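You asked for a quick read of this one before you dig in yourself. Here are my notes, in the order I would look at things.

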Amino acid sequence: MLILFTTAACGRQEPPAPVPASSALEQASRVVSAKGACATLIPQEWSPSFAVPSMTGGSLRFRVFFFGYARAADRSLVFHAPQGEASFTLDGRVLECRALPGAPRAIPRDARFDSLTLEELTSRASRLHADVEAIATLFASGRDIGETGRARVAAFSRDFAALADPSHAAAYRALAPDFWAWAEKNGGAAPAPAK
Amino acid sequence: MTRFRLLALVLLIGAAPPGTASTGDSIVSAAKAFLKTSCVAAKQSCVEATAIHDGYLAALKDADACAEKACPLPAVHAIIERDRELDAREHALPPEARAAGSTRPFLRLSLLVVGRSAAALALADPKAEAPAYWNPSVEAPKMVELICVKYAALCAGARGLLRETSDLHADAAACEKEPCRFAVQEELAIAAERASGDYMALSTKVDTYTLPIFSVINQAVERVGKLLARTSAAKLAELEKGEAALLAGVAALEKNPGVASAAQIEALNARGAQLIGLYRDASNSSDRTQNMLIGDAGTARMRERVNAAAGRLASARARLMALKAARGFGGPDATDAAAVGTIRPASASSGAGLGLTLVGGGESRSQAPRPVLIDRRSIPKPPPTDPNAPPILEGDPGYLDLLRNVRSKDSLRKADALRRLGLTKTFGDPSGRAGLVHTQRAPDTCAIVAQQGVLMALKLLPLGDPVKLEAQLAEEARSRGFYREGTPDAYTGSLLVDRGVIVTKHNDVPLSTLDAAVRRGGMIIASVDARHLWGDKAPKALGHAIMITGAEVGRFNDETLGYYINDSGSLVLGAGRFVPIEQFKKAWEGLTKTFAEVH
């Protein structure tokens, strides 16, 4: 019995990596559409994109765009091109918000995540938010971030590209051209559209 | 004006479409021809108009000369300054003296001057900046003329936008001078939001400099916002005062309930119904000003006060109902129109096809009365004390299976077992409310359908095709500014508030606040991340609104096991679907944590 217990203990599976708690940026991103001017401009049916840092205006802020969705005839989800955008601070203050004119425009389906569970997706999204928050600190410092910093930027760019919808690549670049220019100079890459 | 702006103007005027190479000549001759018209239309301004016209031509001549051969920088600055002074003088001319129809021929001369001045500035010193200048009320019409020169197809829209903005300013000024009715102020707010949206649409289609146009619109928005905020504050103060008197009256009756008469109770009810009108105006205006007065922390505090007032109104109403029942004048089931009463006399309006009494809104901006739909019919019945709920899981498990399932890791199975064993209590009215939902027809009407469900529960909608009613309500919400390809969080429940239903709104609140509201038993409209309800896999949240119709709570440990929801957007219609609390928590925390509670 002792041997069996010992064997069982050795064969014990490692617990899964803990799901990261929501970072301040993730929490702020989730509620931005209900704050300030966004509360009356951005429908709750629109999803916020991943936030991207920007120094436009002289201080660090984060920028998101919003996009709606609908069901196709085969009941799959169809997402739209950006329909609104906002700037906000890490403590949740909305600096500006606007709904973009024009009818919703469907984008091609991103099938990269079909094999992942929802928990895996949300976990990866949480990690990415935390990474954006950390990279934003490097970006806002204005200093040389060194080789370690550049390696982090490169890793962040890969993770971002892996999760952000390629059909939204141009929109992400337009959100914060200053940040992506900095990222490209520091070992990273701006989002590229789907080939 | 910055160098960038000047050069932009140069490029844009210079880059006129093919076939318009003589744009400059035609502008000059049109201005000359207009001068004659101006002098006939406004004799008293003829001298000034002539001086302005001649002034622009002189400035143009000097700018041309400096664009050909470099002039000293001060000379170029002086030309720019002359142009600005002429713009201000043109702006001050009577409308008939400065506009031919909608065209401003003198401003077009100014565009030529600016263009040539930019070239002259670049020649004089490529690094030089023009002197700073910012007067959007003067520059905005000039920028509209630039759009008209470059984008003929957009000209009418740009002019219409400027005219609408000018009307907004005039109407706001009139309301500042002499208080105007709330209905008029609300129409101004809707028009101001519309103007902002129209500007966004215009600015994406042109590559000219449009900031002055945006600025005058913004000034109008802020002006109307301040007006609305002042009115909102005044209505809220009046409401709070009225509530204090109402609650004092209710308390007085409660001290001696045995002698409270039906007339006394009805009088207080009628007073409460009158106060609902104030509540409605305060609630709607506090929501609208969130966008109009950006950065104003007072708007957030206003919502807290509105919520508190709503709570007091609902409490007074509930206490009066209890008094009425205690005195045997008619219990909760006997509540009827008299309990709410009328807020304003009904007019013989068409009822918008929704079978409701429309109340005239008094004079309005467009001179047509705005229909105001007021709740005349019923107030929410309290939820049943021992409500039924749809099955959590289908089937008929045996007793031993139930005992096993009580410890199941599957939270649905566990909740189902606990309920079947009588170890839980139900809050709200999940079964009674399950019929209030239908599959939404449009992709973005979830909040509309949720509100439709509330209106059906309150018998404020006629019987009919729910899809048609959904479309009608969406159109109504759109006309009120509450809906545009979806419902912004601030306007969830606003269709209900418009009808005098008491609604409190909360955003970015913890689950415990929502839980307390659900346990009060009323209908709740909540924003959720639908991925966690539908199982759809997407890296970003799917924003959605659902109605929470009830809750299942452990009878002995008082822990919430889950909520019953009506979900109009799921592939299989969610009518009284049970969602375990851990699953709901993910859906709740994945989005804005916003809900509206119907009282």
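This is a predicted model: local features need pLDDT of at least 70, side-chain atom pairs count only at pLDDT 80 or more; totals for chains, interfaces and linings use all residues.

1. For chain B the mean pLDDT is 86, with 87% of its residues at 70 or more.

2. Over residues 331-364 the pLDDT stays under 50, although the model has 83 contacts beyond four places in sequence for them. Residues 367-378 of chain B also stay under 50, and there the model has 50 such contacts. I'd read the contacts in both places with those scores in mind.

3. Next, how do the chains meet? On the chain B side 45 residues are in contact with 43 residues of chain A. About 3,700 Å² is buried between the two chains, and carbon and sulfur atoms give 58% of that area. In chain B, the residues that lose the most area to chain A are B:K537, B:P539 and B:K540, which together make up 18% of what that side buries.

4. Now the inside. The largest nonpolar core has 77 residues, and the members touching the most others are B:L514, B:I548, B:Y563 and B:F584. Its largest share, 8 residues, comes from helix α4 (residues 118-141) of chain A. A second, separate core of 51 residues includes B:L246, B:L455, B:L458 and B:L460.

5. Leaving aside residues up to four places away in sequence, B:I548 touches B:L514, B:Y563 and B:F584, among others. Its other partners include B:V518, B:M523, B:I524 and B:I565.

6. Strand β6 (residues 543-554) of chain B comes next. Is it buried or exposed? It is mostly covered, with 12 of its 12 residues buried. β6(B) pairs in the antiparallel sense with strand β3 (residues 424-428) of chain B over 5 bridges, with B:T426 standing opposite B:E552. Strand β5 (residues 524-529) of chain B is another antiparallel partner of β6(B), over 6 bridges, and there B:I525 faces B:M547. With strand β7 (residues 560-567) of chain B, β6(B) again pairs in the antiparallel sense over 6 bridges; B:V553 has B:T560 as its bridge partner.

7. Over in chain A, have a look at helix α5 (residues 146-163). Its 18 residues reach 26 Å from first C-alpha to last, close to the 26 Å expected at 1.5 Å a residue. Which residues of α5(A) are buried? They are A:G149, A:V153, A:A154, A:F156, A:S157, A:F160 and A:L163. An α-helix has 3.6 residues a turn, so residues three or four places apart point the same way. What covers the buried residues of α5(A) includes β2 (52-54), α4, α6 (169-175) and α7 (177-185) of chain A.

8. B:D508 is not a glycine, yet it has a positive phi of about 55°. B:D508 lies in the loop between β4 (503-506) and α20 (511-519) of chain B, and at 31% relative accessibility it counts as partly exposed. B:D558 is not a glycine either and has a positive phi of about 60°. B:D558 belongs to the hairpin of β6(B) and β7(B), which has 5 residues between the strands. B:D558 counts as partly exposed because its relative accessibility is 40%, between the 20% limit for buried and the 50% limit for exposed.

Technical notes. Residues are numbered from 1 along each chain as its sequence is written. Chains are lettered from A and ligands numbered from 1 in the order in which they are written. Side-chain values use heavy atoms; hydrogens and water are left out. A nonpolar core is a set of buried Ala, Val, Leu, Ile, Met, Phe, Trp, Tyr and Cys residues joined through side-chain atoms within 4.5 Å. Buried means under 20% relative accessible area, exposed over 50%, partly exposed in between (1.4 Å probe, protein chains only). Helices (H or I, at least four residues) and strands (E, at least two) are DSSP runs, numbered from the N terminus. Contact means heavy atoms within 4.5 Å. pLDDT is the predictor's confidence in each residue, from 0 to 100. Two strands pair if DSSP finds at least two bridges between them. The expected span of a helix is 1.5 Å times one less than its number of residues. Buried area is the accessible area (1.4 Å probe) that two parts lose on being put together, summed over both.
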